[in-house]
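Welcome! Please keep the view open as you read.

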Amino acid sequence: MIRVENLTKRYGDSPPVVDDLSMEVAAGEICAVVGTSGSGKTTLLRMINRLVEPSAGRVLIAGENTRGLRGHELRRRIGYVIQGHGLFPHWSVAQNIGTVPRLLGWKPAEIKARVDELLGLFGMEPAAFRDRRPAELSGGQQQRVGVARALAARPDLLLMDEPFGALDPVIRGRAQDELAAVQARLGTTIMLVTHDMEEAVRLGHRIAVMDGGRLLQCASPAEMMARPATPFVEALVGGAERPFRLLSLERVEAAVEAGEADGPPIDAEASLRDALSACLWSGRDALPVEREGRRIGRVTLAALRHRAAPGGAGRAA
Amino acid sequence: MRLLGAAWRIALLLGLGVFLARPDLFAPIFAPLTRFDAPAIYDGTSLLSLTLNHLALTFAATLAASALALGLAVLVTRPAGAEFLPFSRALANAGQTFPPVAVLALTVPLLGFGAAPTFLALFLYGLLPVFENALAGLSGVSPGVSEAARGSGMTGLQRLRLVELPLAAPVILAGIRLSAIVSLGTATVGSTVAAKTLGEVVIAGLLSGNTAFVLQGGLIVAALAILINDAFLWVEGRLRARLAS
Ligand SMILES: Nc1ncnc2c1ncn2[C@@H]1O[C@H](COP(=O)(O)OP(=O)(O)O)[C@@H](O)[C@H]1O
Ligand SMILES: [Mg+2]
């Protein structure tokens with residue numbers, strides 16, 4: 001879907017801010033770009049929609065070189081969400097969401113239908129929210145309107161720069177789940193910049209780690225944790241947290257085995273991390289597993305321990 | 001409280017209207033201020049026509065100054081025009097520092113007597129407040145909002161028209177208000193070079209030692225200033241409310 005080739009950005013004589021970076025994101029995937037602050041993540045994103053012109057290299061979207069388009073026309077085809085949402089304070093929620101469709105010359109009736117559809121998708125009752133100003137929304141609602149605005153013209157690609165950075169932890173978690181659900185439903189390709197590894201693991205089908213303008217590794221979360229390319233990546237994917245992050249990537253059904261166990265059951269859709277937590281808290285060595293109310297087997301502490309170690313399961317991908 | 005404020009403004013407007021239409025009705029009030037049986041109400045030119053002339057001159061000068069100052073502020077807040085900032089600022093500052101009386105003295109030999117030199121003096125004097133306010137308003141748009149406007153695919157002109165100008169409007173309007181009020185007062189000086197403004201009444205009063213004339217001219221200008229200022233404030237308030245709620 002999107003291919004970045006030898007992309008470089010240089011300001012003056014200082015070392016490049018983004019340095020000969022190449023990567024690819026497949027259609028329908030979420031790629032989480034992580035790295036310490038100043039590592040060039042924002043610059044990478046802004047070169048993709050040409051808010052910043054690259055010094056060298058090129059970007060292909062669906063095989064088409066983005067240089068061939070005029071900047072503002074390119075940007076109408078790519079969704080863009082920034083930290084602190086950047087909603088237009090003088091426009092209603094509906095006008096904000098309808099920004100790009102209006103620029104593209106959609107008919108008013110089409111825009112209205114699309115606005116209502118998106119508000120519904122993000123769990124906001126259209127009649128109650130359409131006419132409000134951004135100042136009349138909570139932080140979480142503003143953030144959702146920001147994402148809805150970016151999705152309004154049905155872009156195939158969505159760029160998000162620390163979209164949840166301004167939210168408190170509880171709201172952030174909910175916003176992340178919601179984004180994952182919306183993305184799964186629409187199949188939008190997403191490049192999401194974050195400095196929060198937890199968020200990257202939670203949302204990214206793949207994670208790209210940047211440091212000093214260079215791409216250190218781009219891989220699935222499981223592979224990155226199992227085989228970090230450099231000590232920096234290893235430190236970033238988090239020494240002590242690693243086993244728990246590995247477990248949080250998989251559902252209970254992946255580790256289910258035949259057999260009996262006592263006590264309250266756990267749902268097959270829950271994460272292995274939840275299963276470990278339940279084992280430790282209730283002092284059991286195994287939990288019964290249910291799917292839609294039916295017993296399908298058990299998950300054991302031994303299996304969890306095995307999967308919490310690198311190379312523990314069939315997750316070479 | 002607001003009702004009281006509105007009531008006293010309406011009274012002021014009505015009072016001014018009646019005074020300009022039938023100044024003779026007010027002669028008994030001003031009579032005690034005259035000496036040696038001098039007329040109580042200025043009758044060299046009708047007060048109404050002087051007032052209308054005064055307003056027209058102020059309006060034209062403010063409009064022209066606002067157009068140029070706003071244009072300059074828009075120019076210097078574009079990346080391509082940023083280099084004109086020092087020049088524009090110097091121009092606006094010079095217009096403000098140079099006393100209107102001196103402008104009149106210097107331009108009469110070129111433009112002759114009357115409205116033209118007065119217009120020029122008011123125009124130059126009115127540039128700075130609009131320029132500085134427009135600059136503050138346009139560059140005060142939050143970086144997140146500008147970034148979102150660019151990121152949504154607005155062209156430079158669309159950003160200006162749809163986002164920057166509407167957001168800066170109350171601050172720009174405040175600049176135009178300052179410029180208009182200052183022009184209104186300063187226009188009286190134009191009468192020294194024979195422009196038909198309310199300054200004529202004041203000067204006639206000074207020359208003939210007739211305090212009633214001085215007071216009439218001053219009161220009319222003051223009433224106009226209050227009413228115009230209030231009208232601007234009202235519009236600014238509406239704009240601000242639209243942005244805030
Ligand atoms: N317009 C610019 N001019 C000069 N340096 C810049 C500019 N924009 C960004 N940089 C520098 O590029 C580096 C990377 O910035 P950025 O891409 O914002 O990093 P990140 O988003 O990972 O925090 C920083 O050191 C920053 O100072
Ligand atoms: Mg950044």
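## Across the interface

In this predicted model, 7 residue pairs, both at pLDDT 80 or more, are in polar contact across the interface of chain A and chain B. A polar contact is a pair of N or O atoms within 3.5 Å; within protein, one must be able to donate a hydrogen and the other to accept it, and residues adjacent in sequence count only if both atoms are side-chain atoms. On chain A, the side that touches chain B takes at least two residues from each of α2 (71-76), β6 (78-82) and α4 (99-103). Helices (H or I, at least four residues) and strands (E, at least two) are DSSP runs, numbered from the N terminus.

There is also 1 salt bridge between the two chains, where a salt bridge is a side-chain nitrogen of Lys or Arg within 4 Å of a carboxyl oxygen of Asp or Glu. Its partners are Arg46(A) and Glu147(B), with the closest N and O atoms 2.3 Å apart.

## How much is buried?

Chain A and chain B bury about 1800 Å² between them, and carbon and sulfur atoms give 61% of it. Phe88(A), His90(A) and Leu103(A) supply 28% of the area that chain A buries against chain B, more than any other three residues. Buried area here is the accessible area (1.4 Å probe) that two parts lose on being put together, summed over both.

Counted by contact (heavy atoms within 4.5 Å), 21 residues of chain A meet 20 residues of chain B.

## Two single residues

Is Thr197(B) buried or exposed? Thr197(B) is buried, with a relative accessible area of 0%; buried means under 20%, exposed over 50%, and partly exposed in between (1.4 Å probe, protein chains only). Thr197(B) sits in the loop between α8 (156-186) and α9 (199-208) of chain B. Beyond its neighbours within four places in sequence, Thr197(B) has contacts that include Leu50(B), His54(B) and Leu57(B).

Glu73(A), by contrast, belongs to helix α2 of chain A and is partly exposed, at 34% relative accessible area. Glu73(A) and Leu104(A) are 31 residues apart in sequence and 9.1 Å apart in space, C-alpha to C-alpha.

## Reading the numbers

Residues are numbered from 1 along each chain as its sequence is written, and chains are lettered from A and ligands numbered from 1 in the order in which they are written. Local features need pLDDT of at least 70, side-chain atom pairs count only at pLDDT 80 or more, and totals for chains, interfaces and linings use all residues, while side-chain values use heavy atoms, leaving out hydrogens and water.
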